Amino acid sequence: MYIAYWIVAGLLALFYVYAGTLKVIRSRDQLRPMMSWVDRMPLPALRALGTVEILGATGLILPPLTGIALPLAPAAAGGLVLLQAGAIAVHLTGEDRRIALNVALTSTAAVTIWLATRL
């Protein structure tokens with residue numbers, strides 16, 4: 001279970017660090033080709049969303065790595081599930097109805113919760 005957690009959580013963390021960093025440092029114009037919903041959200045909220053994604057990824061990695069505050073790992077994965085639930089709602093209420101990636105990320109985060117409780 002330990003190896004499975006690190007594989008799944010590591011891939012999930014890599015995705016969220018990448019996506020969060022893009023939201024924090026890129027302009028709305030640079031994000032628009034890959035994220036059509038950015039025009040529906042204020043820029044400070046977009047930056048905050050990116051920061052939350054980076055913090056969630058950190059929460060998946062640091063507690064198990066250091067052995068400190070281990071309950072934070074499933075809590076971070078649960079937060080990412082909630083984040084993706086909101087993302088699915090944003091996609092379904094807008095013009096962009098592509099939610100396959102969001103469903104996959106939700107499922108992966110749910111598996112990560114289960115694996116984190118087995119550490």
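These legends go with close-up views of a predicted model.

**View 1. Helix α4 and its cover.** Helix α4 takes in residues 72–93. At 1.5 Å a residue, its 22 residues should span 32 Å, and the end C-alpha atoms sit 31 Å apart, so the two agree. Quite a few of its residues are tucked away: the buried ones include Ala73, Leu80, Leu83, Ala87, Ile88 and His91. Among the elements that cover them are α1 (2–25), α3 (43–66) and α5 (100–116).

View 2. Lys23 pairs up with Glu53 here, with 2.8 Å between the closest N and O atoms. The pair ties together distant parts of the chain, as Lys23 belongs to helix α1 and Glu53 to helix α3, 30 residues apart. Both Lys23 and Glu53 are buried; Glu53 counts as such because its relative accessibility is 4%, under the 20% cut-off. Leaving aside residues up to four places away in sequence, Glu53 also touches Tyr16, Ala19, Gly20 and Leu83, besides Lys23.

View 3. Arg32 meets Asp29 at 2.8 Å, N to O, and for Arg32 and Asp39 the closest N and O atoms are 2.8 Å apart. Asp29 is exposed at 53% relative accessibility, whereas Arg32 is partly exposed at 31% and Asp39 is partly exposed at 43%. A search of the whole structure turns up three salt bridges.

Terms used: Residues numbered from 1 in each chain as written. Predicted model: local features only at pLDDT ≥ 70, side-chain atom pairs only at ≥ 80, totals over all residues. Heavy atoms only, no water. Helix = DSSP H or I, 4+ residues; strand = E, 2+ residues; numbered from the N terminus. Expected span 1.5 Å × (residues − 1). Buried < 20%, exposed > 50% of the residue type's maximum accessible area, 1.4 Å probe, protein only. Contact = heavy atoms within 4.5 Å. Salt bridge = Lys/Arg side-chain N within 4 Å of Asp/Glu carboxyl O.
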